[in-house]
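Take a walk through this structure, one piece at a time. Keep the 3D view open and find each part as it comes up.

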Amino acid sequence: MTEQNDKILLAHGGGGRLMAELIAKTIGPAVYGKMPQVLADAAGVNIDGREILFTTDSFVVKPLFFPGGDIGRLSICGTVNDLAVCGAKPIVMSLALIIEEGFAVSDLEKILHSIGKTVKEADVAIVTGDTKVVEKGAADGIFINTAGIGIPKKGIALGFDRIEPGDVILINGTIGDHGMTVMSQRQELTIQSPLQSDCACLHKIIGLLLDQLGPKVKFMRDPTRGGIAAVTNEIVQSCGCGVELWEENLPVNPAVKAAADILGFDMLNIANEGKFIAVVSADAEQKALDILRNHPLGKKAARIGTVGPKQPHSLVELVTSIGGRRIVQMPYGIELPRIC
Amino acid sequence: MRLDAIQSAREQIENACAKIGRPVGVMEVCGTHTVALFRYGIRSLLPKNLKLLSGPGCPVCVTDQGYVDTVIELAQRTDCLIATYGDMIRVPGKATSLERLSLPNVRVVLSSDDAVSLAKNHPDKTIIFVAVGFETTTPATAVAMAQAEKLGLENFTALCGHKRVLPAMRALLSGRNDKIDAFLCPGHVSVILGSGAYEPIVKEFHRPCVVAGFEVEQILSGLAKICEQLAQNEFAVDSVYGLAVRPEGNRTAQQWIENYFELCDGPWRGLGRIPEGSLRIREKYAKFDAQKRFGIEQMPAEEPRGCLCGQVLCGLIEPNQCKLFGKKCTLDHPVGPCMVSTEGACAAWYKYQK
């Protein structure tokens, strides 16, 4: 039952615990009736015997333009990637714009140009859309929603239920780039080496991995809001196995780490927009890394952890760079910069 | 990070603690140290007889309930904008928190500069800067008042909640906690105060005081020096924070504090009233004092029922010894400020400990 004085907080949109609670207790029961056991990045739908994958995502990033991308590019990459990590080739998308009154047409044109460029890169078609304008103050410049349909690759079965103790956890490159770029733009932090979002379409690099490794790839997810911490905690909660991560192995851009340190943020909680986590069989680890590292979006691919045995109260544990250990919790939802 | 230096510090700690034999309690005064000790996994690597006690060096945690309720009350005025550091928005007051109120006039700022900018950009509103923090942030509030004066801003005020670390350390040793054998002293506060500020603590209470920064190498070196002093039974002030911390500190920053603030006996959550433990804005700058501008009589409020933040802040208990910890008081639904603050001991324990 909802308490009358409960309000939606910013943290409810953060990809962490509060969002999970909102979906489980409020949105899910209303929309699904019976909550699905697992909520994946895209939903499998059978239409007249044909399996498709369907996903949607909304984009409210601030600022709208940032080094390495903009809201337009993000709106295509985000949905393409949600389909790709579920093993689907993206085919068609919708594009819905909610524009604030007074928004500069020149900015809209820049965003649309970016969308057009990214659509070509993703080899996907926007086939339908919608445009709304709301009065000044009712939207922060522009909000975008995209939805996408993809065809799942044959012979691929990805899911939490395929993850087993001994599997290895890989990532295709440096962490925290997007989140820290956006945060440092908002806070006007001047860092000596400029930060850049990693916003990119991952369908091709993922396609290569799936084509060459097939069922040895067990699960994938892109660590957007909530970062690696959110994805690995979802793994633990859904399959009951522990996860051990190694700090030494986490690929990090030193400038990104410096920005996170200044603001007091945990790198594991920071959003990524051009990265995916893949859980693969241990015997496929080296081949997987070779495939990733041979692709421009995977040059810094690394094994960042392993899946441990199933046990009650499984946790995500980080082995720190000095050999200590600590827990990695599901993030709350928003990172607050420290005071001093 | 120099792995050889880290290994060497670890060995020194092991050897010194073996020599000491008995359990020793080292208080890490600063909340950032508390978090770093967990985040780097240092806690899991220390000898069993070396116990780390979290101290009251978390500005949000030691801000008393009365101050929090005052901010929440002011936030509900339509003629004000509240400018606050992020952590404060989640601290629960009597009935709610700034976060749960979700008011459009509450703005999270990274610095006192941002609060002055708000005043400049919103001439129709009175800005109330939630000025909490120790000596690290106090000079910035002073500078903000000077900037406001220079810009001729009549609408900038600060609700002063600034506190001083040394009186709190003294209060802890004067009866509140007899399990503190040494202090790992706060890095950034010491940049301002200087390492020399701890000499009276060493002289009067015979406890090592070692200043360290926040990188893992620094923290381990600081702990190594403390353990060696305890093993030798010879106590002194020391610093591993290099050139950042001078014995005399930053005189300019100290002067700014002296010019704009005077000492007072304010309430500290968990420690009660500490003589000269707090600061208030000098009468000369009354126009920037939100307490005077709004005629606020801050009444100390009762702590939430069952909340043992006070004992955690004194290092008397570990967070998991509080009955509310992990049950009624969690990261998502905090009861007390130690669970809210990113530097709070309870939050760190909850986030990083099994």
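Leu81 of chain B has a bridge partner in strand 5 of chain B: Ile127(B). Remember that this is a predicted model. Strand 3 (residues 80–84) and strand 5 (residues 126–133) of chain B run parallel, and four bridges join them.

Now step back to the whole sheet. Four strands of chain B form an open sheet in the order 4-3-5-6, with parallel pairing. Which strands stand at the edges? They are strand 4 (106–108) and strand 6 (156–162) of chain B. Each has a single partner strand, so one side of each is left without a neighbour in the sheet. From one strand to the next, the twist averages 25°.

Helices cover this sheet. Helix 4 (residues 65–75) of chain B lies across strands 3, 4, 5 and 6 of chain B. It runs at about 140° to strand 3 of chain B. Helix 6 (residues 112–121) of chain B also packs on the sheet, touching strand 3, strand 4, strand 5 and strand 6 of chain B. The direction of helix 6 of chain B makes about 170° with that of strand 5 of chain B.

Next comes helix 7 (residues 138–150) of chain B. Several residues of helix 7 of chain B are buried, among them Thr138(B), Pro139(B), Ala144(B) and Met145(B). Just after helix 7 of chain B, Gly152(B) takes a positive phi of about 70°.

Chain B holds another open sheet. It has five strands in the order 2-1-7-8-9, with parallel pairing. Its edge strands are strand 2 (50–57) and strand 9 (237–239) of chain B, and each pairs on one side only. Neighbouring strands of this sheet are turned by 25° against each other on average, direction ignored.

Look inside that sheet. Strand 1 (residues 24–30) and strand 7 (residues 182–185) of chain B pair in the parallel sense over three bridges. Val26(B) stands opposite Ala182(B), which is in strand 7 of chain B. Helix 11 (residues 216–232) of chain B lies across strands 1, 2, 7, 8 (209–211) and 9 of chain B. Its direction is at about 160° to strand 7 of chain B.

Zoom out to the domains. The domain assignment of chain B gives domain 1 (1–292) and domain 2 (309–352). Their C-alpha centres lie 18 Å apart. Where they meet, 28 residues of domain 1 of chain B are in contact with 20 residues of domain 2 of chain B. On the domain 1 side, the elements that give two or more residues are helix 2, strand 2, helix 3 and helix 8 (165–176) of chain B. Helix 2 of chain B gives the most, with six residues. That side of domain 1 of chain B divides into 14 nonpolar, eight polar and six charged residues.

Helix 2 of chain B turns up again between the chains. There, 33 residues of chain B are in contact with 22 residues of chain A. On the chain B side, helix 2 (31–39), helix 3 (59–62), helix 5 (98–101) and helix 16 (345–352) of chain B each give two or more residues. The largest share, three residues, comes from helix 2 of chain B. The chain B side divides into 14 nonpolar, eleven polar and eight charged residues.

Cross over to chain A. Strand 5 (residues 88–100) and strand 6 of chain A run parallel, joined by nine bridges. Ala96(A) stands opposite Asp130(A), in strand 6 of chain A. Is strand 6 (residues 125–134) of chain A buried or in the open? Of its ten residues, the number buried is zero, so the strand lies largely in the open.

Finally, the domain assignment of chain A gives domain 1 (1–36), domain 2 (41–152) and domain 3 (160–327). The C-alpha centres of domain 2 and domain 3 of chain A lie 24 Å apart. Their contact takes 22 residues from domain 2 of chain A and 21 residues from domain 3 of chain A. Helix 2 (71–84), strand 5 and helix 3 (105–122) of chain A each give two or more residues to the domain 2 side. The largest share, seven residues, comes from helix 2 of chain A.

Conventions: Residues numbered from 1 in each chain as written. Chains lettered and ligands numbered in written order. Predicted model: local features only at pLDDT ≥ 70, side-chain atom pairs only at ≥ 80, totals over all residues. Pairing = 2+ DSSP bridges. Axes fitted to C-alpha atoms, helices over the stretch in contact; angles between N-to-C directions. Contact = placed C-beta atoms within 7 Å. Nonpolar A, V, L, I, M, F, W, Y, C, P; charged D, E, K, R; others polar. Domains from an automatic or database assignment. Buried ≥ 20, exposed ≤ 12 C-beta atoms within 10 Å, placed from the backbone.
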